[in-house]
Amino acid sequence: MALFGKPKYTIVRVKKKDMPEGLWTKCEECCETLYNKTLEENFKVCPKCNYHFVLGSYERIHTIIDAGTFEESDKDMISVDPLDFKGPKTYKDKLNQDREATQLKDAVITGEGLINKKAVVIAVTDSRFIMGSMGSVVGEKITRAIEAATKKKLPVIIISGSGGGARMYEGIYSLMQMSKTCAALAYHRKSKLPYISILTNPTMAGIMASFAGVGDIIIAEPKALIGFTGPRVIEQTIRQKLPHGFQRSEFLLEHGLIDMIVQRKEMKDSLSKLLDYLS
Ligand SMILES: [Zn+2]
């Protein structure tokens with residue numbers, strides 16, 4: 001028998017382009033190719049580098065609220081187009097396009113549910129819908145959720161994932177939502193009820209400058225971009241180089257803007273402990 005005879009097996013090299021679509025995702029941070037099922041089981045966090053992928057608002061609620069207890073409120077509320085906005089795309093076109101892409105009616109989901117059997121009111125913005133920006137629907141739904149919590153004497157949890165801030169397609173109507181949501185939170189606070197704000201990547205501009213920035217406790221996910229104006233505009237304005245990691249969760253924790261950084265898979269248990277402590 002020849003020493004180097006024909007092997008009894010065949011080596012098949014699978015090129016990445018031959019892999020079936022929808023099974024794998026490439027990590028945006030470390031470029032590792034991840035099996036989607038593994039990624040789902042790990043709460044959409046890269047097991048190699050801890051990069052937190054974007055979570056849709058329903059997925060987010062699923063990771064935090066006890067199964068089968070979430071009751072959504074105001075789910076059919078939709079935006080009008082008060083300015084009859086026309087740009088490269090009209091506001092109506094943009095709304096239709098994002099509704100189709102996300103199957104959401106607007107950029108926030110609100111409702112009531114249980115966290116380890118403790119009742120809370122929760123609102124979650126969705127960065128996939130016009131960058132999670134706050135127009136009159138987002139503002140109104142969040143305000144109604146906070147008012148419901150005040151009435152029922154429940155804690156409020158708002159999870160922000162909003163790079164867009166106030167939604168300029170609605171002009172002054174969107175800016176008004178900043179004070180409206182904060183006024184509702186002030187009444188909630190007067191009743192000595194807790195409000196926990198959770199900041200995810202990204203939380204910027206009019207969202208951070210209103211309800212997201214005024215939590216009794218402010219939690220962030222690791223490495224989330226959090227701030228008002230983007231770093232490039234700040235650098236151009238102050239004509240100075242910004243420090244490393246500026247506007248990231250870790251930098252903001254060190255400088256006292258946020259209270260804790262919590263990994264996504266530990267978020268539910270951390271909230272549960274905080275609710276025990278605050279009630
Ligand atoms: Zn990674």
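Q: In which strand is T125 found?

A: The model is predicted: local features need pLDDT of at least 70, side-chain atom pairs count only at pLDDT 80 or more, and totals for chains, interfaces and linings use all residues. Residues are numbered from 1 along each chain as its sequence is written, and side-chain values use heavy atoms, with hydrogens and water left out. Strands (E, at least two residues) and helices (H or I, at least four) are DSSP runs, numbered from the N terminus. T125 belongs to strand β5, residues 118–125.

Q: Is T125 buried or exposed?

A: Buried means under 20% relative accessible area, exposed over 50%, and partly exposed in between, with a 1.4 Å probe and protein chains only. T125 is buried, because its relative accessible area is 4%.

Q: What is T125 in contact with, leaving aside its neighbours within four places in sequence?

A: Contact means heavy atoms within 4.5 Å. The partners of T125 beyond those neighbours include S57, A107, V108, I142 and F211, together with I159, S160, G161 and S162. For G161, the backbone nitrogen lies 2.7 Å from a polar atom of the T125 side chain.

Q: In what order do the strands of the open sheet lie?

A: Strands of a sheet pair through backbone hydrogen bonds, either parallel or antiparallel. Here, two strands pair if DSSP finds at least two bridges between them. The open sheet has seven strands in the order β3-β4-β5-β6-β7-β8-β9, with mixed pairing. Its edge strands, β3 (71–73) and β9 (260–261), each pair on one side only.

Q: Which way do β4 and β5 pair, parallel or antiparallel?

A: The pairing is antiparallel, over eight bridges, and I109 stands opposite V124 in β5. The two strands form a hairpin with two residues between them, and N116 in the turn has a positive phi of about 45°. On the β3 side, three bridges join β3 to β4, again antiparallel, with E71 partnered by E112. Strand β4 (residues 108–115) is largely enclosed by the rest of the structure, because six of its eight residues are buried. A parallel case is β7 (195–203) with β8 (217–220), joined by four bridges; I198 has I219 as its bridge partner in β8.

Q: Which protein atoms are the donors of the zinc ion?

A: Donors are N, O and S atoms within 2.8 Å of the metal (3.2 Å for Na, K and Ca); water is not among the atoms, so sites may look incomplete. The zinc donors are the SG atoms of C27, C30, C46 and C49, lying 2.3 Å from the ion. C27, in the loop between β1 (24–26) and β2 (33–35), and C46, in the loop between α1 (36–41) and α2 (57–64), are 19 residues apart and link distant parts of the chain. Both C27 and C46 are buried.

Note on methods
A polar contact is a pair of N or O atoms within 3.5 Å; within protein, one must be able to donate a hydrogen and the other to accept it, and residues adjacent in sequence count only if both atoms are side-chain atoms.
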